[in-house]
Amino acid sequence: TCEKLKDYRVERDYEAYSEALLDWATFLDNIGRNDAALKIYRRVVTLLRSIRGKDKEAIDNILFRIAGVLGRQNRPTEALQLLQKVKESRITAVGEHHPSVADLYYAISELLEKKQDYESAIMSLEDCLRIRRAIIGRFSEEVAATILQIGVVQSQAAAFEEAIHTWDEALTIYKRAGFQEDDVAIFNVREYQENARHMLELLNS
């Protein structure tokens with residue numbers, strides 16, 4: 001990869017150079033070399049802006065990755081600010097009812113949960129859920145998983161009764177989507193509910 005990078009630079013093939021850099025950054029990201037990956041991702045963004053400045057989707061995808069690295073570096077505020085900008089860019093480009101926008105709302109909710117802003121995290125998940133329902137329908141694994149995560153955040157906020165009811169909805173959708181009682185997804189929901197009931201018993205004892 002290093003030799004290819006040198007060749008591309010000598011030949012001034014900056015399109016190929018940026019793609020090779022992105023591959024290298026992705027590799028570093030996958031093996032947990034966060035600082036190095038972050039540096040190269042940012043370099044790729046600069047290159048893309050200079051050689052194809054109007055290719056917003058490619059740039060937004062890399063900014064999404066940068067936000068992921070920042071989140072893993074325990075820098076949720078920076079990551080959140082970046083994802084908000086990417087979300088606005090995606091909505092402008094493709095409209096709100098698009099899978100990439102739903103994914104951004106979900107990623108934003110994870111950062112808000114990390115910051116213990118549970119109310120805002122739930123609101124972001126509900127936006128994600130609204131879009132996913134509009135795109136793929138009400139009874140799908142993806143919708144059930146989103147509802148499951150809403151319950152997880154509710155339980156983090158100690159709203160255990162709400163979480164149990166939310167997980168009931170997730171169970172219903174999983175079953176409508178064809179999942180059986182012995183499937184891992186349903187087992188996990190049951191376990192979440194059991195833990196929440198145990199917490200309620202402790203609080204009420």
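Keep in mind that the model is predicted. The largest pocket holds about 160 Å³ of space, and α4 (56-72), α5 (76-94) and α6 (99-114) are the elements that each give two or more residues to its lining. Arg-49 sits in helix α3, while Ser-155 belongs to helix α8.

**The largest pocket**
- The lining is made up of Phe-64, Ala-67, Gly-68, Gly-71, Ala-79, Leu-83, Ala-107, Glu-110, Leu-111 and Lys-114.
- Sorted by class, that lining comes out as six nonpolar, two polar and two charged residues.

**Arg-49**
- You'll find Arg-49 in helix α3, which covers residues 34-51.
- Arg-49 counts as partly exposed because its relative accessible area is 49%, and the cut-off for exposed is over 50%.
- If you skip the neighbours within four places in sequence, Arg-49 touches Ile-59 and Leu-63.
- From Arg-49 to Val-153 it's 104 residues along the chain, and their C-alpha atoms lie 37 Å apart.

**Ser-155**
- The Ser-155 side chain gets to 2.6 Å from the backbone oxygen of Val-152.
- Again setting aside neighbours within four places in sequence, the contacts of Ser-155 are Phe-160, Ala-163 and Trp-167.

How values were computed
Residues numbered from 1 in each chain as written. Predicted model: local features only at pLDDT ≥ 70, side-chain atom pairs only at ≥ 80, totals over all residues. Heavy atoms only, no water. Helix = DSSP H or I, 4+ residues; strand = E, 2+ residues; numbered from the N terminus. Polar contact = N/O pair within 3.5 Å; in protein donor to acceptor, adjacent residues only side chain to side chain. Contact = heavy atoms within 4.5 Å. Buried < 20%, exposed > 50% of the residue type's maximum accessible area, 1.4 Å probe, protein only. 1 Å grid on protein atoms, 1.4 Å probe; cavity = no way out; pocket = protein on both sides within 12 Å on 5 of 7 lines; lining within 4 Å. Points joined across faces, edges and corners; volume = space filled by probe spheres on them. Nonpolar A, V, L, I, M, F, W, Y, C, P; charged D, E, K, R; others polar.
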